[in-house]
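Subject: Handover of a structure, with notes on what was found

Dear colleague,

I am passing on a structure that you have not worked with before, and my notes follow directly after it. Please keep the sequence and the 3D view open while you read.

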Amino acid sequence: MKVITNIGKYFIMLRYVFSRPERFKIYKNRVFNEIEIIGLSSIPLVALLSGFMGAVMTLQTAANMSSPLLPIETIGYITRQTTILEFSPTVISLILAGKIGSNIASEVGTMRVTEQIDALEIMGVNSLGYLVLPKILAGIVTFPFVIIISMATSLIGGLLAGVQSGLVTQEDYIKGLRYWFMPGDINYALIKAVVFAFLITSIASFYGYYTKGGALDVGKSSTQAVVFSSIAILVANFILTNLILL
Amino acid sequence: MIEVVGVNKHFGVAHVLKDINAKFSAGKVNLIIGASGSGKSVTAKCIVGLHEVDSGQILYDGRNFTEMDRNHRKEIRKEIGMLFQGSALFDSLTVEQNVMFPLSMFTEMSKDEMRERANFCLERVNLTNKNNLLPAECSGGMQKRIGIARAIAMNPKYLFCDEPNSGLDPKTAIVIDNLIKEITYEYQMTTIVITHDMNSVIEIGDHIIFIHKGQKWWEGTKEEILKTHNQEINDFVYASDFMKEIKGMLGKH
């Protein structure tokens, strides 16, 4: 019952989030600030994770290719497909749900328990629009770039690991990367990135905004934000895969 | 003037405000006092619209706030300044930016004009050369003064102060009390202060409403509250030994 109530509250929240901003210039500045917090600050973590994961994917693929009938380029091909279709858009989004989701929920939750949101409301500011809309816009704008960076570093990581270990040559790996490449896969990944960005920022904001109590409850909201945005990503991933790929 | 007419409020099955009626005049410091959990903060939150009333009316100079939609309420809210218990300053903004915030949201002032107004408000609360500090770098008393400066930045008609002295030492508390009183008289605002601090009652209470168990139990002036025979008020006012001594002295005279 509580889940249904929360879903209803979530959609009511979205209605206020997307109502007309009071002062466009201020919102624009806030969007740029959020782009820095949500997008740019995530790049080092994403690059590090993606580079190592790409390397491991290449090594795992090579280690499990026991049939001599499989061409060696398959290593690059499988690393590319895994990275573009699932690892970068979905797994990285799940990781960012932890980083960004908890950050947003704790920031907004702290503003709630310290009455900063009440202060906004009493001034006549649409607090949901002011606080949440810039985060959603920043997420939607930056996530595709972050995911592209993830793809690139993952494939580079795979190349370095494959070549350094001697399991595949640079030429064979790149040949595999180019093999049967479909640009539509990139579109699919970027659509997922935009949807996941929306889910992470809005769900985390929801749990932060409706925090009640004190510091302990901010922690609980932060945990709930990560758990429910992760679940939402997995469900959306399933739906989008059915809609776009099949 | 703010009028509260027959306001009732429930939280679940708990009836927390029972038929509250009150008038708060302009140019006076109006106090809502009562013990913890009596309903005084809920009363204030209903007046400013942070809680919706179940029945009754809130009138701002005759304008029925309870029946207004969000957009019309916004117009009245631009006339309201509020000092919160924890100051509620925006952590990520400097002192100056905090005071300039309502101006940047709702006026067409240039940046220089906003800065000038912010400096005027900060000077009014005796804070100079602190513009670039963050709230976390300021003391509790300074934060309250910044909160007052932000509250008066838009030149409000109505000022609300929720426990303005909580967490402050007695000397700083008196400074804040006097500041609220001076600003109220100077700008002829309708000021409502929610407090349980008897020093504030004696210092600034022009008109006092005592809330007990969700009901308006008593109403009067600071002189009258010291002489009343109402048992619940006496239990509240003379709770400390110090106040009991004062009561003894009053009795002798």
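Two strands are said to pair if DSSP finds at least two bridges between them. Please keep in mind throughout that this is a predicted model.

With that definition in hand, I begin with the sheets of chain B. Strand 7 (residues 158–162) of chain B and strand 8 (residues 190–195) of chain B pair in the parallel sense, and 5 bridges connect them. Within this pair, L159(B) stands opposite T191(B), a residue of strand 8 of chain B. The two strands belong to an open sheet of 6 strands in chain B, whose order is 6-7-8-3-9-10 and whose pairing is mixed. Its edges are formed by strand 6 (80–83) and strand 10 (215–220) of chain B, each of which pairs on one side only. From one strand to the next, the twist of this sheet averages 20°. Helix 1 (residues 40–48) of chain B packs on the sheet, where the helix touches strand 3 (28–33), strand 6, strand 7, strand 8 and strand 9 (207–212) of chain B, and its direction makes about 150° with that of strand 8 of chain B.

At the other end of the strand order, strand 9 of chain B and strand 10 of chain B run antiparallel and are joined by 5 bridges. Here F210(B) stands opposite W218(B), which lies in strand 10 of chain B. The two strands form a hairpin with 2 residues between them, and in this hairpin K213(B) takes a positive phi near 50°.

Strand 5 of chain B pairs with strand 4 (residues 55–60) of chain B in the antiparallel sense over 2 bridges, and L59(B) stands opposite N64(B) of strand 5.

S87(B), although not a glycine, has a positive phi of about 70°, and its place is in the loop between strand 6 and helix 3 (95–106) of chain B. Is S87(B) buried or exposed? S87(B) counts as buried because its relative accessible area is 2%, where the cut-off for buried is under 20%. N129(B), which is not a glycine either, has a positive phi of about 60° and is found in the loop between helix 4 (111–124) and helix 5 (140–152) of chain B. N129(B) has a relative accessible area of 76% and is therefore exposed, given that exposed means over 50%.

Turning to chain A, you will find 9 helices and 0 strands. The C-alpha atoms of chain A fill a box of roughly 70 × 40 × 35 Å along the principal axes, and 50% of its 246 residues count as buried. Among the contacts in chain A with a separation of 6 or more, 86% are between residues 24 or more positions apart. The accessible surface of chain A comes to about 11600 Å², with 72% of that area belonging to carbon and sulfur atoms. Chain A carries 17 positive and 13 negative side chains, and the centres of these two sets lie 7 Å apart.

L48(A) lies in helix 3 (residues 43–64) of chain A and is exposed, with a relative accessible area of 51%. Its C-alpha atom is 8.7 Å from that of S150(A), although L48(A) and S150(A) are 102 residues apart in sequence. V235(A), in helix 9 (residues 215–245) of chain A, is partly exposed, with a relative accessible area of 44%. The C-alpha atoms of V235(A) and S66(A) are separated by 35 Å, and these residues are 169 residues apart along the chain.

With kind regards

Conventions: Residues numbered from 1 in each chain as written. Chains lettered and ligands numbered in written order. Predicted model: local features only at pLDDT ≥ 70, side-chain atom pairs only at ≥ 80, totals over all residues. Heavy atoms only, no water. Helix = DSSP H or I, 4+ residues; strand = E, 2+ residues; numbered from the N terminus. Buried < 20%, exposed > 50% of the residue type's maximum accessible area, 1.4 Å probe, protein only. Contact = heavy atoms within 4.5 Å. Areas by Shrake-Rupley, 256 points an atom, 1.4 Å probe, with all protein chains shown as cover. Lys, Arg positive; Asp, Glu negative; His and termini not counted. Charge placed at Lys NZ, Arg CZ, Asp CG, Glu CD. Axes fitted to C-alpha atoms, helices over the stretch in contact; angles between N-to-C directions.
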